[in-house]
Amino acid sequence: MVEPQLLADNAKVEMVRWVLAPGERTPVHRHDLDHIGIVIRGSTLRYVESDGASKESAEPTGGAEYVPATHRAHSFENVGKTTFEAVSIHLK
C-alpha cells in the first residue's frame, strides 16, 4: 500500500501527492473536503468503494477534476502498465 506524500497543509488547503507503480494501491481513505485532483502522469485506475462496488477509469496525463466531498470510504489501485502520479488539493 502506498501512502500519500503531504506537500502542504495550512488554514486554506491540504495538498497531497500520490505515486502508484503498476499494481500498487492506496489505503482505504475518504475525502471529507472538496478537492481538486490533477493528474501528473496518467494510467488506468480501479476505484473500489466501501460496499465493494468498483469501476476502472483511464486517467489521462494533464487531466484535472473537481470532486465534492463524498465522506465515503474507498481506495484505488493502478491496474495500468505505467506509473500513476497525481496531486490532490483539498479545500478547507
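Where is the place of His-29? His-29 lies in the loop between strand S2 (13-20) and strand S3 (35-41), strands being DSSP runs of E with at least two residues, numbered from the N terminus.

## Basis of the model

This is a predicted model, in which local features need pLDDT of at least 70 and side-chain atom pairs count only at pLDDT 80 or more, while totals for chains, interfaces and linings use all residues. Residues are numbered from 1 along each chain as its sequence is written, and side-chain values use heavy atoms, with hydrogens and water left out.

Not counting residues up to four places away in sequence, His-29 touches Trp-18, Arg-72, Ala-73, His-74, Ser-75 and Phe-76, contact meaning heavy atoms within 4.5 Å.

The side chain of His-29 makes a polar contact of 3.4 Å with the side chain of His-31, and it also reaches the backbone oxygen of Pro-27 at 2.9 Å. A polar contact is a pair of N or O atoms within 3.5 Å; within protein, one must be able to donate a hydrogen and the other to accept it, and residues adjacent in sequence count only if both atoms are side-chain atoms.

## Arg-17 in strand S2

Arg-17, found in strand S2, counts as partly exposed because its relative accessibility is 28%. Leaving aside neighbours within four places in sequence, Arg-17 is in contact with Pro-4, Gln-5, Leu-7, Glu-85, Ala-86 and Val-87; with Glu-85, a side-chain to side-chain polar contact of 2.8 Å is present.

Definitions and conventions: Helix = DSSP H or I, 4+ residues; strand = E, 2+ residues; numbered from the N terminus. Buried < 20%, exposed > 50% of the residue type's maximum accessible area, 1.4 Å probe, protein only.
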